Amino acid sequence: MIIKTLLKKRGQLSLEFSLLLFVILILSLASIYHFINNNLDERSRDLDNIDMGAKTAISLVNSGYNGSNVGYPILYLGMSYDSNRTNISIYIRNQSPLDASTLYLIERLIYDRSGVDPDEYNITIVIVN
């Protein structure tokens with residue numbers, strides 16, 4: 001009889017502990033969501049998407065996507081933007097000259113992969129020697 005009572009109390013403590021952990025988890029997720037929504041505006045998210053889109057586009061072109069053929073791998077060096085964060089320069093480097101169709105493909109892939117509006121953001125590909 002005493003053993004059953006101890007087991008019931010232990011089970012009750014385990015349930016209460018589990019509920020407490022669940023509440024802490026929910027509060028943590030809510031505070032993280034609130035922090036991200038309040039501190040990152042839409043432009044910051046779009047810039048992050050453009051950066052990821054540029055990396056993906058360079059990787060796709062290097063792998064021969066859509067018939068692209070580059071003699072040497074294109075290196076993604078980074079990006080910069082103006083104070084309005086609408087004019088964005090993507091810096092790349094390659095050991096061989098890139099033709100206009102490859103540059104256009106990279107630009108189109110950046111717009112497609114990032115999901116940003118081409119009328120709102122002006123993306124320019126800059127080749128660094």
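A salt bridge is a side-chain nitrogen of Lys or Arg within 4 Å of a carboxyl oxygen of Asp or Glu. The views below are close-ups of a predicted model.

**View 1. The salt bridge between Glu120 and Arg43.** The side chains of Glu120 and Arg43 meet with N and O 3.0 Å apart, and the pair counts as a salt bridge because that distance is within 4 Å. Glu120 sits in the loop between α3 and β3, whereas Arg43 belongs to helix α2, so the bridge ties together parts that are 77 residues apart in sequence. Glu120 is partly exposed, at 37% relative accessibility. Arg43 is also partly exposed, at 25%.

View 2. Glu42 pairs with Arg45 in a salt bridge whose closest N and O atoms are 3.5 Å apart. Both residues lie in helix α2, three residues apart, which is about one turn of the helix. Arg45 is partly exposed, with 31% relative accessibility. Lys55 forms a salt bridge with Asp51, and here the closest N and O atoms are 3.3 Å apart. Lys55 and Asp51 are likewise both in helix α2, four residues apart, again about one turn of the helix. Lys55 is partly exposed, its relative accessible area being 38%. Asp51 has 18% relative accessibility and counts as buried, because buried means under 20%.

**View 3. Helix α2 and its buried residues.** Helix α2 has 21 residues, and its first and last C-alpha atoms are 30 Å apart, close to the 30 Å expected at 1.5 Å a residue. The residues of α2 that are buried are Asp46, Leu47, Ile50, Asp51, Gly53, Ala54, Ala57, Ile58, Leu60 and Val61. They pack against β1 (75–81), β2, α3 and β3. After α2 comes Gly64, which has a positive phi near 90°.

**View 4. The largest nonpolar core.** This core has 22 residues, and those with the most contacts inside it are Ile50, Ile74, Ile90, Ile92, Ile106 and Ile110. At least two of its residues come from each of α2 (42–62), β2 (87–93), α3 (100–114) and β3 (122–127). Helix α2 supplies the largest share, seven residues. Around Ile106, leaving aside neighbours within four places in sequence, the contacts are Ala57, Ile58, Val61, Ile74, Ile92 and Ile125.

**View 5. Helix α3 and what covers it.** The 15 residues of α3 should span 21 Å at 1.5 Å a residue, and its end C-alpha atoms are 21 Å apart, which agrees. Thr102, Leu105, Ile106, Leu109, Ile110, Tyr111 and Ser114 are buried in this helix. The cover over the buried residues of α3 includes α2, β2 and β3. Gly115 follows α3 and has a positive phi, near 70°.

**View 6. Val126 in strand β3.** Val126 lies in strand β3. Its relative accessible area is 27%, and Val126 is partly exposed. Not counting residues up to four places away in sequence, Val126 touches Ser89, Ile90, Tyr91 and Ile92. Val70 is 56 residues from Val126 in sequence, and their C-alpha atoms are 17 Å apart in space.

**View 7. Ser80 in strand β1.** Ser80 is found in strand β1. At 27% relative accessibility, Ser80 is partly exposed. Residues up to four places away in sequence aside, Ser80 is in touch with Asn87, Ile88, Ser89 and Tyr91. Ser80 and Ile123 are 43 residues apart in sequence, with 10 Å between their C-alpha atoms.

View 8. Leu25 is partly exposed, with a relative accessible area of 46%.

Notes. Residues numbered from 1 in each chain as written. Predicted model: local features only at pLDDT ≥ 70, side-chain atom pairs only at ≥ 80, totals over all residues. Heavy atoms only, no water. Buried < 20%, exposed > 50% of the residue type's maximum accessible area, 1.4 Å probe, protein only. Core = buried A, V, L, I, M, F, W, Y, C linked by side-chain atoms within 4.5 Å. Contact = heavy atoms within 4.5 Å. Expected span 1.5 Å × (residues − 1).
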